[in-house]
Amino acid sequence: MITRFIHSGDFHLGRPFTFQQQGNYFGKNKRKELWKAFDDMIAYAGKEEIQLVLIAGDLFDSVNVLTMDIKRVAEAFAGLEKTWVVLITGNHDYHGDNSPYKKVDWSNNVYIFREDVFRSIYIKELNTEIYGMSWVKNEYRAFPERSFNSLKLDDARYNILMVHGEVASQTHYLPIDLHYIENKGFDYIALGHIHKPGMTPGGAAYCGSPVPLNFGETGERGYLIAKVEADYDNNEYTTSSGFYAIPSRRYETFEIQITAEDSYNDIIEKATSCDTIENRLQNYYRLRFLGYINPEIQLDWINDDLEESFYYIETDASLLEPDIDLEKLIQENRDNPIGQFLEALGNIEDTQVKKKAIIYSIEAMMSEGVLK
């Protein structure tokens with residue numbers, strides 16, 4: 001009988017990451033983080049003799065993943081001699097003509113769903129039946145209700161459903177109606193695609209991505225470990241899920257309030273005060289500057305000046321407003337070319353273009369002594 005299993009997915013192994021600075025360096029490091037998370041899960045499953053590992057889609061980031069990476073995964077799964085591995089494909093690693101799952105041989109303990117209709121595999125020694133469907137193309141606008149409705153569950157078995165999709169009424173990524181699938185009576189529903197982990201009262205769970213992949217993914221990351229208790233007399237199973245956190249670099253976004261009185265060094269100090277030194281040298285940071293800035297201050301170098309204080313830093317000054325009374329400047333220079341030039345800048349329709357044009361122009365005129 002099954003007593004414990006791992007629910008994971010959305011590793012996106014082989015993903016090419018894009019970073020604003022030294023992209024290749026940070027991209028390589030990020031790909032190493034993904035592999036470390038995968039290797040740690042394999043090591044845990046082996047050490048704890050976990051009976052079953054579920055991969056709920058997007059194990060790979062693309063169907064064009066390197067064969068070397070696929071073989072690395074296959075070898076890792078083969079090493080789990082006491083563990084069944086059952087996986088479905090997702091929108092990134094869908095099982096089409098160029099499927100990564102066709103490029104290597106998989107060990108006997110690995111079962112891959114290869115159709116976009118619901119099928120099942122029964123693992124006798126675990127008394128567990130797993131139902132699932134895989135993606136065979138990169139878009140699904142409808143849930144395969146016909147094949148789902150045809151499923152007949154055996155209440156004497158522990159029944160698991162695996163689906164890679166999005167809980168929504170309309171989406172290109174396999175819309176899922178939670179109440180619809182929960183009412184079928186599965187003991188556990190393993191979902192993939194949404195990168196934020198979470199569980200519903202009806203037994204459906206998103207494992208989330210094992211490590212955060214971008215600035216939109218915050219909070220703790222890892223995989224789910226489910227424990228199963230059986231009441232054989234009544235053919236009832238109780239499942240409890242725990243979250244196994246994987247240490248990884250976090251993505252942090254901070255808003256830094258700037259005033260017109262702040263000097264360049266003041267701005268640097270405010271930026272480095274956003275978090276502890278230990279955290280700043282560990283995680284990815286994006287700083288958004290808000291408020292008003294002295295137009296004499298040039299922020300072109302701030303990202304470079306902050307690099308030594310952060311592992312990774314991006315800065316965004318697009319929301320900063322120059323501390324300039326444009327109307328007053330135009331009025332004071334109405335009878336000269338400067339006023340006419342400033343008035344033309346004020347008529348630019350694109351707000352961001354206008355802001356940058358005004359800042360750069362006034363900076364240039366101040367540096368040349370034309371404006372004071």
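Let's start with a sheet: six strands line up in the order E5-E6-E7-E8-E10-E9, forming an open sheet with mixed pairing. Strand E5 (119–123) and strand E9 (198–199) stand at the edges with a single partner strand each, so each has one side left without a neighbour in the sheet. Two strands pair if DSSP finds at least two bridges between them.

Before going on, keep in mind that this is a predicted model, where local features need pLDDT of at least 70 and side-chain atom pairs count only at pLDDT 80 or more, while totals for chains, interfaces and linings use all residues. Residues are numbered from 1 along each chain as its sequence is written, and side-chain values use heavy atoms, with hydrogens and water left out.

Two bridges link E9 and E10 in the antiparallel sense, and Gly 198 stands opposite Tyr 206 in E10.

Follow the chain past E10 and you get to Arg 221, in the loop between strand E10 (204–206) and strand E11 (222–231). Is Arg 221 buried or exposed? It counts as buried, because its relative accessibility is 4%; buried means under 20% relative accessible area, exposed over 50%, and partly exposed in between (1.4 Å probe, protein chains only). Setting aside neighbours within four places in sequence, Arg 221 is in contact with a list of residues that includes His 195, Lys 196, Pro 197, Phe 243 and Tyr 244. Contact here means heavy atoms within 4.5 Å. A polar atom of the Arg 221 side chain also lies 2.8 Å from the backbone oxygen of Thr 218.

Asp 10 isn't a glycine, yet it has a positive phi of about 55°. Asp 10 lies in the loop between E1 and H1 and is buried, with a relative accessible area of 1%. Leu 174, also not a glycine, has a positive phi of about 60°. You'll find Leu 174 in the loop between strand E7 (158–164) and helix H4 (178–182), and at 0% relative accessibility it counts as buried.

Next, strand E14 (residues 284–293). This strand is mostly covered, with seven of its ten residues buried. Which strands does E14 run parallel to? One is strand E13 (residues 251–258), joined to E14 by eight bridges; there, Glu 255 has Arg 288 in E14 as its bridge partner. Another is strand E15 (residues 312–316), with five bridges to E14, and here Arg 286 stands opposite Glu 314 in E15. Strand E16 (residues 320–322) also runs parallel to E14, over three bridges, with Ile 293 opposite Pro 322 in E16.

Stepping back, the domain assignment gives domain 1 (4–245) and domain 2 (251–367); such bounds come from an automatic or database domain assignment. The C-alpha centres of domain 1 and domain 2 lie 45 Å apart. Still, 14 residues of domain 1 are in contact with twelve residues of domain 2. The area buried between domain 1 and domain 2 is about 1200 Å², with carbon and sulfur atoms giving 56% of that. Buried area is the accessible area (1.4 Å probe) that two parts lose on being put together, summed over both. In domain 1, Gln 21, Phe 26 and Phe 215 lose the most area to domain 2, together making up 56% of what that side buries.

Let's finish with Gln 20, in the loop between strand E1 (4–8) and helix H1 (23–47). Gln 20 counts as exposed, because its relative accessibility is 64%. Leaving aside neighbours within four places in sequence, Gln 20 is in contact with Tyr 312 and Glu 314. The C-alpha atoms of Gln 20 and Thr 315 are separated by 10.0 Å, although these two residues are 295 residues apart along the chain.

How values were computed. Helices (H or I, at least four residues) and strands (E, at least two) are DSSP runs, numbered from the N terminus. A polar contact is a pair of N or O atoms within 3.5 Å; within protein, one must be able to donate a hydrogen and the other to accept it, and residues adjacent in sequence count only if both atoms are side-chain atoms.
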